[in-house]
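This note is intended for a student who is learning to read packing in a protein model. Please keep the structure in view while working through the numbered points.

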Amino acid sequence: MAEMESQVRELFTALLMSGQTKKEAKDIFSQIQELVLNRDTSGLLLQSCLMHLKSLYHLQNASLLAAIIQFISVISAKDQRFLKELFDIVTITLISSHSTEKNILKAVTHAQSNLNRAMLYVYEGPKQEALFRKELWNSIAANVEQTSSMIRNYAWGQHANNLLSVNVYLRVWKYLEQVALVLSEAKEYTVYRDLARSNIQPDVVTLDKLDKDKSMVELETIKQAGYCTLLSLCFPLATEKVTNGWMVTWSEKRNHSAWAMAKRDLCIMINSLSLLAGLRPYWMSSIVPVLLALFHEDRPKFAALNDAVSETLASNLIKLLSIPDAQPVQDEITECLIALRASGRAFRAISKSKEPRRKYVSAPSEASLRKARLGKRTAADALSERRRKERLDGQDSSGHKRSRTASIHTPASLTHDGLVNVPAANVVEFVLDNYTVDLPIPPPAKLKLQLFSSELKNRALALLQEMATPSSVLAMKAASDRMRALGSNTANDCAVVSIFDEVTSDDTASWISKNASTIAEPLVDLAEDNTVQVYLKAVSPTWCHEMALGAFSRILENVTGVEMSGGKQARHILLCRLATILSGSPKENDTGDSDNQLALYYKILDCVLEDYSSRFQLAGMLLVQVYSQLVMEENSEDASLKLQIYRSCVRHFFSALASKYLKEAEQTATLTTTASARKIFTLMVNNLPVVCTELVEVLVSLCQSKHGIVLGITLLRDLLKERKSCFGSLLQILLSLACNDDKVCRNTAIRCIVNQLCGILPAQNPIEKFSIKLVKSLGRDSSTEGNDPDQGEGVECMEVDGENSSIVGSAIRKEMQLAEQLQSRNQEMLFAYVENLHHQTLNLTPAPTREDDIVRRLELHLALCAKKPQLLSHIIKAYSSASESAHLVMFHIIEKLIKHLKQRGSEGDVIAYLKGFDHAAVTFICHIIQILCHRSKPTDDLVLKILKLYQEHTHVTDAISILIPILPVIKPELLLPLLPDILRLPAPRLSVAFTRLLEVLPPYVTSPHMILLALHKIEDSTMQEKATPAIKLCLEQHKHAFPPEVLGALFQELVELDPIPKLTLYTINIGISAFPIMKDRVARLLSTLAERRCWEMDEMIWREFVKCSVMTQPASLPMLLEKIPVPQLEEIIAFDPSMRNLLYRTAIEPIKEEGDTNKPTDVIVRSDVMEYLKNMGFQEDTTDPTMKE
């Protein structure tokens, strides 16, 4: 044992020594853990180890601190007496500057998981361990104070300025939330457990479980610690006005605004505080003002927050409002919820707070289960069962009702609480009793109902739905008074909560209509003298009309029964006929306008829209019936009115159907529902007798939504193909969608036009003309002749044939003429709509500069070019007159098309359609050819076609530029004659051309040697001047193509030519500048030139020879002394005076070979030159170096 203690002591000493790495320190601590946990069975070594551990806390080693935290958590799990050390190390981790986020999160997690165990030990630990329990409480209190200070001091709205991330502080927040629950009393509030989250166990350890006889800490001390923890959690959200009422002495001030906090942090805090208020309602007076201050402190800033924050606050306040203990702050919470537009939910919460709450037990009893099963019955079932029991007991129901009604109205029983808490079932009884309170008893023997049972049900349903809960009425009245005192009208917008929901009110109303036995106004009554009196109403057109309307309503509402009987088709026909007849038969005081006649049609259509998947056939039949009536109308004014009715019905039905379709498409998770709705929509559109403007407007509006684009364009396409009379108009609509600002709509329409409509012969010409006009509008000189191009082309007179409608049949000639007039009028309206749509969508201003505007005018034409490359010529022409912005866009957008044509093997066709370009389009043509040649070697056929294209456009300035992409693959016999034309290019393009020629990898089609040689053979003096910069460009910027070996052979060949090319010496001089290593070889070439008396040749040759002689000295000095006459030598010395002394020394002092200092070299010097040099003599350079320029 002593040996292990000594070994542990040595290991701790080694840890405290400096110069160790973090890994070495962690390994040493691992050895200590092995000795303490696995080898020491007595446990004495652990106490010694804990004493030494405190000396390691100051070491700035994060990994070692993590190991210590893990070690203490292990030993505290084995023995609760060591929990004090756990909370101490957690506190030290929080205040240490070298702690990492990972260590802090780990430490707080251990503290949170051991808090319940530690407090149970403090509450109920053995008395002999009182000292341990007292020390543990002090450690917990210090830890809670430190974490609370962290929450109060953290700048929640300034994450970037904090050392630790917000996740650390949120973890500390959750820890303090558990601390507040543990250090408080649960009392009898377990009834509100449904407010807690699933991961919260609020009553595992509370002060209720404290054994006062065993406790070493006073109860009030623990309560005060829990309450201070709660206030620390409230502090980040509390305003200064709220904190002034707290009895605390904190020095911290809130250094942030609640509005600057992140939305997630704010929602987490609101949820946490609301949870504490729900689980500990006696804290509600401290928490609720903090939550309400978020809204009242600055309402404009709160309104600017995200909807998630306001919804979170409203949801939590509603939960708190449903607790009976919220009565003191009920008015304030209600006022806030009314302002947050949650009045209905607030009133329902107030009503819920009056209901008895169930307590949570381990398992439900059989009685509670039976009660729950009975509770599933409807209100109508309960009432029917009660009435049945009364009849079985032989009781007089009417007398019973009367006596019960009297008791309800007794003043002694009508108290405030009794009214507010009255059950819904009693309200139903009260309503039913009052139906018969004024009727005589017993009722007449023979009695019939004046009202239909359905009408009676409607009246009862309306009455039940107007009855509001007393709680909501009282709460709204109190809120209205408070708002009126504050000068606000917000409370006027809220609505009371109905006692009955839709299901309950419908069940109760059905029961009333089913069991009613009397009514105030009978049709047949018994007088006092026992005579029967019959009340008959006079038969009038108005009465007949009302009876027909009633029958119409009953037939329309009786959907289930008709479907069961199988008379669905007959019902549809009857409803359509009734609607047509009733709308056509005017009532008394009826003006006969279309609005009154539309009511019945709209009623049918609205009924269909409620469940259009099973009722859509009725709507289709109704629209056909309306149109058939208008065709058969003899009066033209009546026909116009009915045409307006038909159009209104189409607009009403299809706009609502489109809205439903879009809503379902947004909400559905699968494609099944959407596909079914799309099929119904398509069927309804295709079965319409006439395509009117209103339908087209709905289809165009569908195309404006991302969920309806495909359906809208598909329907327009189908109508275009099937309805010949609408062909031109619908085609122009699709074309206008093809240049829509919305990219998705535009691309979908383009795909439809190119892939499905271009194959229709009548559509090809209008489509191409429209796209060409869009492309031409890119030019500066373009003019829009009208926003409706070729609108009338391909449009035929509207026909009604047997394929689309069976309306005409065997109608008389007069009806056919009226139909043609109506159809002609409808066609004119379609044309006007198309013209208006073009005016709104096209907006073809000349020379656009915005990229999206340029792209929308090009995309349709580019898609057509993919099918028909001949149209590419129009883009070339438009490029010539387009703006610079359009040039950039066209450069980028043409690439995809050219690549597509290249993949199809249409390169040759593309070249054929580039004819007719001018100087402004040369760059664009070159770009297209570059794309065709990119990443693949051009074929011989393609090269020949491009050469032919150039030959046809030699009159165009810089037309040779189009050959730049294929220069490396042109054969020498074709390329070299083109060099003069290439030299005429501007400097930037000339550089690109020679780069293309010389940057290719071997093997060369035309070698660099051949190109440079051909440049020297140009005889035209003007072109020779243009060749000099080309030669310089080759030798200076493309050295890799002209290594010294290639240049040497080229120079030798040039020197041997007869006559010598004029630019030979110019090229040699540039070569020497690029490769100085060639001086000796060039000096030998100069000797050959001297022998050929180059000074007698062209002046440029002799001038460059002089320059070259100076550049190659001293290798050129022997040649000058031996082969150059004195007059020419004088010119050389005049060009460079320094040559005089060099020539003198070479002539007088023989040059010695390199590496041999003893053997002299003989230099043959011309006699006239020797005499000239001796007469001139050697002159020292006496010029002051500082005076030389």
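1. A residue is called buried when its relative accessible area is under 20%, exposed when that area is over 50%, and partly exposed in between. The model discussed here is predicted. By this scale F891, at 24% relative accessibility, counts as partly exposed, whereas Y879, at 4%, counts as buried.

2. Which residues pair with each other here? Y879 and F891 form an aromatic pair. Their rings lie 6.2 Å apart, centre to centre, with 45° between the planes, and the pair is tilted. The pair links distant parts of the chain, since Y879 belongs to helix α39 (residues 872-881) and F891 to helix α40 (residues 884-903), twelve residues apart.

3. The model contains ten aromatic pairs when ring centres within 6.5 Å are counted. One of them joins Y282 to W283 in an edge-to-face arrangement, with 5.6 Å from centre to centre and 70° between the planes. Y282 is partly exposed, at a relative accessible area of 27%, while W283 is buried, at 5%. Elsewhere, ring pairs connect F653, F654, Y661 and F681 into a cluster.

4. The packing of helices also deserves attention. Helix α6 (residues 101-124) packs against helix α7 (residues 130-153) at an angle of about 135°, and their axes are 9 Å apart. The two helices are therefore oblique to each other, because an angle counts as roughly antiparallel over 145 degrees and as roughly perpendicular from 65 to 115 degrees. The crossing of α6 with α7 is left-handed.

5. Which residues of α6 meet α7? On the α6 side they are L115, A118, M119, Y121, V122, Y123 and E124, and their partners in α7 are F132, R133, L136, W137 and I140. Sorted by class, this contact holds ten nonpolar, no polar and two charged residues.

6. A further helix pair consists of α48 (residues 1021-1037) and α50 (residues 1064-1074), which pack at an angle of about 25° with axes 10 Å apart. This angle makes α48 roughly parallel to α50, because the cut-off for that description is under 35 degrees. Here the crossing is right-handed.

7. In the contact between these helices, T1028, I1031, K1032, L1035 and E1036 of α48 meet Y1066, T1067, I1070, G1071 and A1074 of α50. The classes represented are five nonpolar, three polar and two charged residues.

Note on methods
Residues are numbered from 1 along each chain as its sequence is written. This is a predicted model: local features need pLDDT of at least 70, side-chain atom pairs count only at pLDDT 80 or more; totals for chains, interfaces and linings use all residues. Side-chain values use heavy atoms; hydrogens and water are left out. Axes are lines fitted to C-alpha atoms, for helices over the stretch in contact, and angles run from 0 to 180 degrees between N-to-C directions. Helices (H or I, at least four residues) and strands (E, at least two) are DSSP runs, numbered from the N terminus. A crossing is left-handed if the near helix is turned anticlockwise from the far one by less than a right angle, and right-handed if clockwise. Contact means heavy atoms within 4.5 Å. Ala, Val, Leu, Ile, Met, Phe, Trp, Tyr, Cys and Pro count as nonpolar, Asp, Glu, Lys and Arg as charged, and the others, Gly among them, as polar. Rings of Phe, Tyr and Trp (its six-membered ring) pair if their centres lie within 6.5 Å; planes under 30 degrees apart count as stacked, over 60 as edge-to-face and the rest as tilted. Buried means under 20% relative accessible area, exposed over 50%, partly exposed in between (1.4 Å probe, protein chains only).
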